[in-house]
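Subject: Handover of a structure and notes on its contents

Dear colleague,

Please find below the structure that I am handing over to you. My notes follow it, and I would be grateful if you read them with the model open.

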Amino acid sequence: MNNLYEILKRLYIHLVFLILLGISLSLYFNTTYYQKSQVGAVTKSITGFWHQQASKVSSLFQLQRSNVILLLENAKLRNEIEGYRLKLQMLQDSFMRIEDTTGLFWYIPARVIDNSINSRHNYITLDAGANERVYKGMGVICNNGVVGIVSATTKHFASVISLLNTDVRVSAMHKKSGAFGAVSWDGMNYRRVVLDEIPLHVSVAVGDTIVTSGFSTIFPKDIPIGRVVDFYIKDGSFLQVTVELFTDFKTLDYVYLVHSKAKNEVDGLQTMK
C-alpha cells in the first residue's frame, strides 16, 4: 500500500500535466474553424490512405474473379467454335469442292472403313458399292489429292487399290511445265511416291506441284498429288522425281469416287485401235 502511494506521489505532477494538456488541446481545436479544418484534413488524409489501400485489395480480388469468368467464357466459346468447325468439316466432306469445268465427271462421297499402309500392296475399303453406282476402275480422291483406284465392289462396299501399292501407276504431270510421266510407290516411305520419265530439259525445282495429267478416264486433270522434294537423272535420259504426297493416308477418312461420263465411249475407242 505504501509503495502504491509513493508511486502516485511521484507521478502526480505528470498526471496533472497530461490532464491539463488534454483540456488545453480540446479547447484549442474547438475554438476556430481553422484548427478544426487542420485536424479534419489530417484525419481525412489518414482514413483516405487506408480506404485507398483497401480499394486496391478489393480491386485485385475483383480482377482475379473477372479473369476466371473470362477464362470460363473463352473455354465455352472455344468449345462452341470447335463444334461448329466439326459440323462445317462434315458439310464440306459431304460436297465435292473440285471444279469440273468439262462436265465429264461427277463424284460419289464415301467413307473409309478399313485402310492399310504397312504392306507393299495396300488396300482401302469404302462404305459405298454397286448400289451407289460404284464400279471397278473408278478413281478415288480426297480433299487433299489422289487416293487410289476401285478394284472390286459388292452391293454396299468397294475395295480400292491404294496409291500406296507397288502395282499402281497413275498418269501425272509437272504442273509448271506440263511434262508428264507416271507416279508409283516404291514401297518405302508412305508419304512419298516417285514420278518417272520427266525429260531432262524440263526445269524441275523443289516445291513444284505434281498433279494428275487427265490422260485417262480415271482421274480428271489437275487433281493434286504432291510436291517435289528431290530429283536426279536416271539412266542418263530422264529425271526421276521424288514427290511428297499431299494426302496423309494415316488420317484418311472421307473420300470421293470419280465417275467418268465418257468412260464407256473412250474405252470403246481404245479397244478399236
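This is a predicted model, in which local features need pLDDT of at least 70 and side-chain atom pairs count only at pLDDT 80 or more, while totals for chains, interfaces and linings use all residues. Residues are numbered from 1 along each chain as its sequence is written, and side-chain values use heavy atoms, with hydrogens and water left out.

I begin with Asn-122. Leaving aside residues up to four places away in sequence, Asn-122 touches Ser-116, Ile-117, Val-160, Ile-161, Ser-162, Leu-164, Asn-165 and Trp-185 (contact means heavy atoms within 4.5 Å). Asn-122 belongs to strand E2, residues 121-126; strands (E, at least two residues) are DSSP runs, numbered from the N terminus. With a relative accessible area of 0%, Asn-122 is buried. Here buried means under 20% relative accessible area, exposed over 50%, and partly exposed in between, using a 1.4 Å probe and protein chains only.

I turn next to the charged side chains. Side chains of opposite charge can pair when their charged atoms come close. A salt bridge is counted when a side-chain nitrogen of Lys or Arg is within 4 Å of a carboxyl oxygen of Asp or Glu. How many salt bridges does this rule give? The count comes to 3.

One of them joins Asp-253 and Arg-111, with the closest N and O atoms 2.9 Å apart. Asp-253 sits in the loop between strand E11 (238-245) and strand E12 (254-260), and Arg-111 in strand E1 (residues 105-115), so this pair ties together parts that are 142 residues apart in sequence. Asp-253 is partly exposed at 28%, and Arg-111 is partly exposed at 37%.

Another salt bridge is formed by Lys-176 and Asp-208, whose closest N and O atoms are 3.1 Å apart. This pair links distant parts of the chain, 32 residues apart: Lys-176 is in the loop between strand E6 (169-174) and strand E7 (180-184), and Asp-208 is in the loop between strand E8 (192-199) and strand E9 (209-212).

Arg-227 lies in strand E10 (residues 224-234) and Glu-244 in strand E11, so the pair ties together parts 17 residues apart in sequence. Arg-227 is partly exposed at 32%, and Glu-244 is partly exposed at 23%.

Yours sincerely,
A colleague

Technical notes
Helix = DSSP H or I, 4+ residues; strand = E, 2+ residues; numbered from the N terminus.
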